[in-house]
Amino acid sequence: MDYKNIKSLIQFISKSDIYEIMIKIGETKIHIKNKIFRKKKKNTLNPIFTKNHRKRSSHISDFYDKFSKLEEKNIQKDRYLTIKSPMIGTFYRRPHPDKDPFVNIGDKIKIGEKVCVIEAMKLFNDIESEVDGKIVKILVEDSSPVDYDQPLFILDPNY
């Protein structure tokens, strides 16, 4: 793919409703995120992350039931972000059964730091943080199946 093709692809995506696209042609990989699209859509973050004070929707109502238990401990839900599963698969906290977990409660993480692995169709997909913060709660047990958009971690970005 040459420069003109890449430029025209970027222009096309910036004018469309496409939020994100990843293309691989041979050894060349292109990953484009449409930030303009995000601003048009009420300034929301990636579907993996949402502010917990937003409206309750039916597909994440189970998460709010679990998260309400935190409220009993006088934790303010408004200040936390949620790391959600970007796919269906099996959640693993460790790179190998005899290794330490990627993150624990109380750990401070940086953008791009691996927080877990999700296995889907025998492929292990690294899940990385898109924000800096501190792990407040781990919502999924190791080696458990997870659904798309299922909350995995609660993160305090204001640590």
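Modeller: Helices (H or I, at least four residues) and strands (E, at least two) are DSSP runs, numbered from the N terminus. This is a predicted model, where local features need pLDDT of at least 70, side-chain atom pairs count only at pLDDT 80 or more, and totals for chains, interfaces and linings use all residues. Residues are numbered from 1 along each chain as its sequence is written, and side-chain values use heavy atoms, with hydrogens and water left out.

Biologist: Which residue in E2 is the bridge partner of Glu20?

Modeller: Strand E1 covers residues 20-25 and pairs with strand E2, residues 28-33, in the antiparallel sense over six bridges. Within this pairing, Ile23 stands opposite Ile30. For Glu20, the bridge partner in E2 is Lys33.

Biologist: What phi does Gly26 take in the hairpin of E1 and E2?

Modeller: This hairpin has two residues between its strands. Gly26 takes a positive phi there, near 65 degrees.

Biologist: Which loop holds Lys122, and what is its phi?

Modeller: Most residues other than glycine have a negative phi. Lys122 sits in the loop between strand E6 (114-120) and E7. Lys122 is exposed at 70% relative accessible area, where exposed means over 50%, buried under 20% and partly exposed in between (1.4 Å probe, protein chains only). Its phi is positive, near 65 degrees.

Biologist: And Ser143: how much relative accessible area does it have?

Modeller: Ser143 is in the loop between strand E8 (133-138) and strand E9 (144-146). Ser143 also has a positive phi of about 65 degrees, although it is not a glycine. Ser143 counts as partly exposed, because its relative accessible area is 46%.

Biologist: How many aromatic pairs are there?

Modeller: Rings of Phe, Tyr and Trp (its six-membered ring) pair if their centres lie within 6.5 Å; planes under 30 degrees apart count as stacked, over 60 as edge-to-face and the rest as tilted. By this rule, the count is two.

Biologist: How many residues apart in sequence are the parts tied together by Phe91 and Phe153?

Modeller: Phe91 and Phe153 form a tilted pair, 5.9 Å centre to centre with 55 degrees between the planes. Phe91 lies in strand E4 and Phe153 in strand E10 (residues 151-156), so the pair ties together parts whose separation in sequence is 62 residues.

Biologist: Is Phe124, the ring that pairs with Tyr92, buried or exposed?

Modeller: The centres of Tyr92 and Phe124 are 6.1 Å apart and their planes are at 45 degrees, so this pair is tilted. Tyr92 belongs to strand E4 and Phe124 to strand E7 (residues 123-128). At 22% relative accessibility Tyr92 is partly exposed, while Phe124, at 55%, is exposed.

Biologist: Which residue's side chain has a polar contact with the side chain of Arg93?

Modeller: Arg93 is in the loop between strand E4 (89-92) and strand E5 (108-109). A polar contact is a pair of N or O atoms within 3.5 Å; within protein, one must be able to donate a hydrogen and the other to accept it, and residues adjacent in sequence count only if both atoms are side-chain atoms. At 2.8 Å, the partner of Arg93 is Asn104.

Methods
Pairing = 2+ DSSP bridges.
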